[in-house]
Amino acid sequence: MNAKWMMGAVLTASMAALTIPAQAAESKLDAKTVEIVKRDFQDKGIAKADRVNQDALQAACSKYQDKLPAKLKAKMEGEQEATIKLPSDDKYMGDWKAGEKLAQSGKGMTWSDKAEDPAGGNCYNCHQLSAKEIAFGTIGPSLLHYGKIRGNSIEVQRHTYGHIYNAKAFQACANMPRFGHMGILSEAQLKDLVALLLDPESPVNK
Amino acid sequence: MNMEINQGRRKALKVGGSAGLLALFGSLGLLQSGLAQAEWNKTAFSAKSMDEALNAMGVIIPENSASIKLTVPEIAENGAVVPVTVESSLANVEQISIFVDKNPNVLAANFSIPSGTEGMVTTRVKMGQTANVIALVKADGKFYRASREVKVTAGGCGG
Amino acid sequence: MNTKIILLLTLTANGAAIAAETEVSDSARIAQYREMISDGNPADFDEMRGEELWKTAAGPKLATLEQCDLGKGPGVVKGVYAQLPRFFKDTGRVQDLESRLLTCMSTLQGLNVDEIAAKPFASEKKPSDISSLTTYVVGQSKGVKMAVSVKHPKEKEAYEIGKRIFSYRAGPYDFACSTCHATSNVRIRMQDLPNLNVKKDAQAAYTTWPAYRVSQGLTRSFQWRLNDCFRQQRFPEPKFASEATVDLTMYLAVSANGTPFAGPGLKR
Amino acid sequence: MGNPMKIRASVKDGVTEVKILMQHEMETGLRKDADGTLVPAWFITEVKAQYQGRSVMEAQFGQSVSKNPYLLFRFKGGAAGEKINVSWMDNKGDRRSDEAAIAAA
């Protein structure tokens, strides 16, 4: 009994001895990675070197390779949800034609873009939207008939706006950028995208 | 200088029927290969529409033909390089021309096929947008055509 | 995979006339396009230019690069790219091809490599010597099986850090390499994206760079490939041949181990 | 004087296949560079291929042929070791001529 217990203790101790250095090595590598990245990236055009500095969400998603533990995920999503600023007029439906143009454009915020160039929505890079555009990406889900399926009640409008504003409120390590939170798109542009998704006349719902 | 004179001669001959056409093809370098370098058909290569190009080449109305195999990609990932193969099972192919109907200059290339050379050619053309690639084949003095659409897509992330 | 190839061959052989009547996915159509342009690679011209530069005396020391040690001894170019990046004793660093070429240009030719590293990529107006040299050396590994080592502790560390950089999310869009390259069977717009965490995809991607880029009319190196990925990730610019880029290259090169190197490639 | 071409020719069953890759910008004259200035037209207009002094292909190109033009054709005859000569001329009068030996396929 005693001997067995002792053996168990020895085993546990030696396992701990193995895991602790392994964890230490891991976090040492994590730290060194950050150090190297901070040293080896430089300003170019509008893309300044400080862009490699991570916020809490980016750091957590990187560390866990986008698979956050449930508790942390819920906490992060809560924090992100708090960032969403709905328009003060509570109006969401812009111009779907302008939205379609935005959706087509993959431009914006790279070092080869100029500060004054408006960013595109990059939507078609990852999503199917209208039936007639065959060059669409599949990184995100298809949004074809988005409004036709959901309708365009004020609740749906608010939710859609919020999702584009900060997708991380709904899925902490989502691939989708936080278009409103990070200042990529203006309020008017976000409304144009809401219209593209929800307006019955939009090609998305044809 | 030479080119100008030929242009004039071409115009004069256009009304002259088949004899005129024969002379025209001569001027395209088909009959007298030695003269080819002076005979780059400026009017045809500057043509802005299919009608204009065919007119400049002295072609009346070519027939669609199943004996021309035009191989192009259905979708081109980039319009800068669109591979085109024209192959004909017709006997005595003398000339193959490739057009892109929506390009600023519709005639892309013209090939004179000497006897002993097979009636096929592969090359690569630029396409500004989704358009039809048209192959024109002259065999035994008659013109035939084939046409296929190539979709030119937005490549990459568009950034 | 096999069916895809057979389908493709059938398409090419029978021509578009038959293709039109067959139900083919857009990806298969793109594959068909790639197959059709695969012959006659203008990267050959960059290889020729690079070979000329390799053998031409240059720099304050008026020396050629023919004594450059790329890992298999001075002057050996055959097969070296299939084993890069690797640890070099003389510099005490893990180096990729471009980083190592900079070392040789500095030590053998006495060139100012900071100047070279500041403007390393070709433009439509000006070719890049280091890029052409890279194309030449890379071409000498065509058909050679990828065998990048992680035996040396520094090589192992470079691999581990590269793996971490691969999933390092930052910038205004929160993107990492993994945002686009850690899922199978997805595409951006019309382009299929390789899942670089999967061996088969990593092999197909890594072994076809450098490549002649049809859309730019230029031959591009792997350093350029990484540079332009970071641009589109909305990152600041990675310093040319820096440790961050070498480590990331290490991660991707090791993932490609075991398959013959096939570059320089030809891409849209 | 233009840059060298890559010419590959191989003979099989009495038919020689010729693949030519030319180095040329093939500027349409319609493209603007990064500064917004129009890049003048500059493209190959004529290509000739000869085998034993006889013409086996003559091509005239317009602005729509891709940068670094590629050309493939086949002719009857040809034997391993024999030469194929290819020459081109562009709209500025620049010329280039290269030779390659036919290989056995």
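How many salt bridges does the rule find across the interface of domain 1 of chain A and domain 2 of chain A? I looked this up in a predicted model, and the rule finds one salt bridge across that interface.

**Entry on the two domains.** I noted that chain A is divided into domain 1, covering 2–80, and domain 2, covering 96–205. For the contact between them I wrote down 15 residues from domain 1 of chain A and 16 residues from domain 2 of chain A.

**Entry on the buried area.** I then looked up the area, and found that domain 1 and domain 2 of chain A bury about 1200 Å² between them, with 56% of it on carbon and sulfur atoms. On the side of domain 1, Ile46(A), Glu77(A) and Gln80(A) supply 45% of the area buried against domain 2 of chain A, which is more than any other three residues supply.

Going back to salt bridges, I recorded one between Asp55(A) and Arg178(A), in which the closest N and O atoms are 3.0 Å apart.

**Entry on the side of domain 1.** I asked myself which elements give two or more residues to the side of domain 1 that touches domain 2 of chain A. They are α2 (56–63) and α3 (70–81) of chain A, and α3(A) provides the largest share of that side, four residues. Sorting the residues of this side of domain 1 by kind, I listed six nonpolar, three polar and six charged.

Methods: Residues numbered from 1 in each chain as written. Chains lettered and ligands numbered in written order. Predicted model: local features only at pLDDT ≥ 70, side-chain atom pairs only at ≥ 80, totals over all residues. Heavy atoms only, no water. Domains from an automatic or database assignment. Contact = heavy atoms within 4.5 Å. Buried area = accessible area lost by both parts, 1.4 Å probe. Salt bridge = Lys/Arg side-chain N within 4 Å of Asp/Glu carboxyl O. Nonpolar A, V, L, I, M, F, W, Y, C, P; charged D, E, K, R; others polar.
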